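Please study the sequence and the structure below before reading on.

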Amino acid sequence: MSTLSPFLDPGPRTSPDTLALAHLSRDSIQPIYLKDTTGTIDGYVEGAVINTRFGSFPHSTLLDKPWGSQIRASVVDTGSRGRKLKLDNGAEPDNDTEEAGSSVAVAKDVKTASSGFIHILPPTPELWTTSLPHRTQVVYTPDYSYILHRIRARPGMKIIEAGAGSGSFTHAAVRAVYNGYPKDTDDKKGSVFSFEYNQDRYEKMRKEISDHRLDGLVHITHRDVYNDGFLVDGESPEAECVFLDLPAPWKALPHLSRNKPTPSQLLSCELDSLDDTGSDWKSPLRADRTAYLCTFSPCIEQVIRTIDVMRRLGWMEIEMVEVAHRRINVMRERISLSVPAGERGASQAAASVAEAIAKLKEIEGRFKNQRSQRRDVDIDIDMDEDDEPASNTKPTNRNGKFVSPSDEAENGRSVKPWMAGKLIHRTEPELKTHTSYLVFALLPQEWTEAQEAAAFASWPCGKESKVIGSLDKEARKKEKRELLQGKRRKGNFEGGRSTPPKKSKAA
């Protein structure tokens with residue numbers, strides 16, 4: 001079995017003890033942990049079975065298949081499903097139960113059913129977001145893809161995530177920073193440091209991380225970051241990117257400072273004082289890199305409070321963004337008066353001026369026929385209908401609609417259903433509701449006195465020459481006069497003569 005996570009390298013085919021995703025429809029995906037079993041499980045002699053509205057699918061039919069394969073439903077034998085072995089007081093199982101257990105030998109000899117099919121897909125953060133069990137509000141793909149871009153998440157970087165929740169952002173973040181599994185504790189690889197306050201969500205998240213083989217890349221911690229900060233085992237994670245999905249992100253901001261905030265700063269932010277750590281203050285941020293931060297807040301009041309605290313603690317380039325996601329549907333539209341009503345993409349309207357004129361002529365002809373029948377009272381109406389001239393008969397379809405000759409010629413040609421009509425695209429009729437406001441900010445890297453001295457030695461200040469702004473106006477005029485006099489002397493010397501002095505007006 002591969003030690004790599006299926007989210008990072010799923011391989012070419014499905015394998016046992018690996019997460020796979022059963023694609024039922026565009027908006028319905030079901031996660032499956034594939035098992036290679038030979039015994040009866042839950043009464044199914046075929047072993048583990050997944051049941052959907054499209055039929056039953058034993059895991060044996062899903063194993064060793066190329067990703068993306070279409071899997072047909074199978075006819076499963078329920079066997080002893082729903083029965084219990086009555087072994088109390090030394091009683092032996094009945095014959096029916098023994099026969100059900102003996103049918104395990106034909107577990108993989110299943111027959112194909114006619115109920116339907118599914119597609120087996122490899123797990124990705126995008127598909128996992130749509131199929132994961134929701135424990136909290138989920139950060140969806142449009143949001144976390146933009147967040148990872150704005151906080152500069154790249155392979156080899158370290159991300160702090162506060163509020164793991166359902167793990168949607170965690171899986172996307174670990175893929176963004178992945179550059180290999182660490183060989184030991186000293187091997188610095190890209191990783192995600194996730195913090196969760198709720199004990200139940202923490203336990204479920206830790207199990208998912210283990211099942212998905214992301215143990216060495218995701219460090220999940222059960223902690224209240226408002227009071228205890230972001231250190232891991234007393235050491236700084238040296239993070240360059242931070243994502244806060246918290247009810248009150250401003251309460252966690254003092255722990256994300258380069259230096260310990262002063263009591264006056266905390267008082268101006270209306271925050272509680274931090275625990276006294278003395279001289280052992282450690283910042284969870286990497287000192288020699290700019291830190292990028294994003295907060296995820298549903299309410300504008302949270303945004304206002306967060307931005308106020310950011311400004312007081314030195315965060316810069318603060319910006320709020322709201323992502324509005326729209327899905328564009330591409331389809332073929334068939335516009336014609338002869339299209340049967342109820343078909344997908346059908347619109348019963350005139351496709352051209354000629355078709356509209358033909359329809360009007362048909363209506364006018366029917367109106368004239370009705371008026372002539374009312375005036376001719378001596379002729380039996382039933383007889384008139386039977387003896388109606390063939391020249392007045394209009395071609396119609398099964399719904400009684402008029403069919404023009406051009407439509408008949410078009411229908412006569414063999415046009416595939418998915419190619420008929422005009423290709424169009426439209427946005428979905430229902431707009432997605434508001435998810436959250438994203439607040440981005442950055443904290444410049446720590447700048448020490450030694451770095452300032454090294455920069456001053458390379459680019460000295462105050463001793464510039466020939467630089468605009470280093471001289472006053474009179475000094476620049478004097479410098480310009482001296483330059484012009486030098487050019488004049490040079491010209492006179494090259495001409496071999498000296499210019500006579502100018503005579504005064506008095507002479």
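This is a predicted model: local features need pLDDT of at least 70, side-chain atom pairs count only at pLDDT 80 or more; totals for chains, interfaces and linings use all residues.

The protein has a mean pLDDT of 79, and 75% of its residues reach 70 or more. Among its elements, strand β10 (residues 241-244) has the highest mean pLDDT, 96, whereas helix α1 (residues 95-102) has the lowest, 40. Across residues 93-107 the pLDDT stays under 50; the model gives this stretch 18 contacts beyond four places in sequence. The pLDDT is also below 50 over residues 395-400, a stretch with 12 contacts in the model beyond near neighbours in sequence.

In soluble globular proteins, nonpolar side chains tend to be buried together. Here the largest nonpolar core contains 33 residues. Those with the most contacts inside this core are Phe230, Leu244, Leu253, Leu256, Leu293 and Trp315. At least two core residues come from each of β7 (158-162), β8 (191-196), β10, β11 (291-297), α8 (300-312) and β16 (437-443). A second, separate core has 31 residues, among them Ala153, Met205, Phe440 and Leu442.

The cysteines complete the picture. The structure holds zero disulfides. Cysteine 241 counts as buried because its relative accessibility is 0%, and cysteine 294 is likewise buried, with a relative accessible area of 0%.

Note on methods:
Residues are numbered from 1 along each chain as its sequence is written. Side-chain values use heavy atoms; hydrogens and water are left out. pLDDT is the predictor's confidence in each residue, from 0 to 100. Helices (H or I, at least four residues) and strands (E, at least two) are DSSP runs, numbered from the N terminus. Contact means heavy atoms within 4.5 Å. A disulfide is a pair of cysteine sulfur atoms within 2.5 Å. Buried means under 20% relative accessible area, exposed over 50%, partly exposed in between (1.4 Å probe, protein chains only). A nonpolar core is a set of buried Ala, Val, Leu, Ile, Met, Phe, Trp, Tyr and Cys residues joined through side-chain atoms within 4.5 Å.
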